[in-house]
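Here are some short notes for a first look. Please read them with the structure open beside you.

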Amino acid sequence: MSKQLYDRHRRLRSSTSMRAMVRETKLTTDDLIYPMFIVEGENIKNEVVSMPGVYQVSLDYLTEELNEIVSLGIRSVLLFGIPKEKDELGTQAYCETGIVQEALRKIKKEFPELITVADTCLCEYTSHGHCGIIHEGDVLNDESLELIVQTAVSQAKAGADIIAPSNMMDGFVSAIRRGLDEAGFENIPIMSYAVKYASAFYGPFRDAAGSAPQFGDRKTYQMDPANRLEALREAESDINEGADFLIVKPALSYMDIMREVKDQFNAPVVAYNVSGEYAMVKAAAQNGWIDEKQIVLEKLTSMKRAGADIIITYAAKDVARWLKD
Ligand code: PBG
């Protein structure tokens with residue numbers, strides 16, 4: 001009788017049913033948040049060149065878009081606004097009749113069940129493209145917070161179900177929490193872009209939102225991709241300040257960080273599968289070099305395995321379709 005010197009792992013991979021039975025991670029449409037770019041104006045549906053399949057849409061196209069999204073079973077959208085006018089202080093971000101505020105009112109009226117997440121930042125609304133008020137070439141922290149809080153409160157008033165601040169000023173969660181509470185919105189959660197790196201993977205987004213900084217970069221407020229402990233400090237601050245969700249962004253190059261954030265904090269972790277990650281897959285797929293469906297499902301499943309509970313992805317509509325098949 002010979003003694004077996006190795007384990008037979010292949011026993012549990014022997015058939016489709018066996019593999020399904022022991023599968024540890026499952027991706028579902030409930031996990032997805034679909035980002036949308038709402039542009040001021042009429043009759044606009046522009047495909048973003050570097051993001052095939054993603055459109056800037058005006059309010060009059062919103063109903064059609066959302067009908068599709070809802071019929072696919074997607075439960076949540078993340079809204080970005082593209083205003084007609086930009087200025088130094090990004091006033092259209094916190095204006096009652098701003099484009100995101102208008103979109104929120106329309107969505108809550110027509111699709112009350114859909115969870116609306118408002119991205120709370122100034123960079124799409126400032127003429128210089130930075131996420132706050134500029135003074136001597138840098139972004140002022142505390143002064144910018146006041147405008148960020150105004151933005152969050154005006155989004156909540158317009159019907160946002162979740163506030164998602166992405167500006168990376170210090171103290172934004174506590175400032176927004178206080179602002180929301182004082183305005184009577186103590187039940188609106190904050191989905192904080194807690195861990196947001198200064199990443200080149202945001203390139204296509206800046207085409208889509210027209211939000212590229214006009215000078216310099218975002219390295220004095222977004223994080224250095226080389227840092228891990230700093231991510232944990234950022235997440236810890238946000239939890240202490242009252243964040244309800246923690247976003248890790250980008251996703252693919254930061255799976256290690258996602259896992260650590262998930263292990264250390266008791267909050268839902270959100271992976272932001274950003275524009276550059278989407279664009280790379282699209283470009284390769286259009287060349288016939290990869291199998292788009294298999295690649296996208298593999299990478300989103302990997303994000304869940306790495307600790308993500310929720311995934312923000314431009315591929316949400318495709319994924320919802322594929323998961324139905
Ligand atoms: C706004 C914001 C950005 C993204 C989400 N919110 C751009 C940036 O920080 O430059 C990027 C999303 C993406 O690349 O998909 N601050």
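1. The largest nonpolar core has 100 residues. A nonpolar core is a set of buried Ala, Val, Leu, Ile, Met, Phe, Trp, Tyr and Cys residues joined through C-beta atoms within 7 Å. Buried means 20 or more other C-beta atoms within 10 Å of a residue's own, exposed 12 or fewer, partly exposed in between; C-beta atoms are placed from the backbone. I38, L79, V248 and V270 have the most contacts inside the core. Helix α4 (residues 141-158) gives it the most, eight residues. Helices (H or I, at least four residues) and strands (E, at least two) are DSSP runs, numbered from the N terminus.

2. This is a predicted model: local features need pLDDT of at least 70, side-chain atom pairs count only at pLDDT 80 or more, and totals for chains, interfaces and linings use all residues. Residues are numbered from 1 along each chain as its sequence is written.

3. Two non-glycine residues have positive phi. For E136 phi is about 50°; E136 sits in the loop between β6 (133-135) and β7 (138-140). For M168 phi is about 65°; its loop runs between β8 (162-165) and α5 (172-182). E136 is exposed, with 5 other C-beta atoms within 10 Å. M168 is buried, with 24.

4. Check the peptide bond between K249 and P250. That bond is cis, with omega about -10°. P250 belongs to the loop between β10 (245-249) and α8 (255-264).
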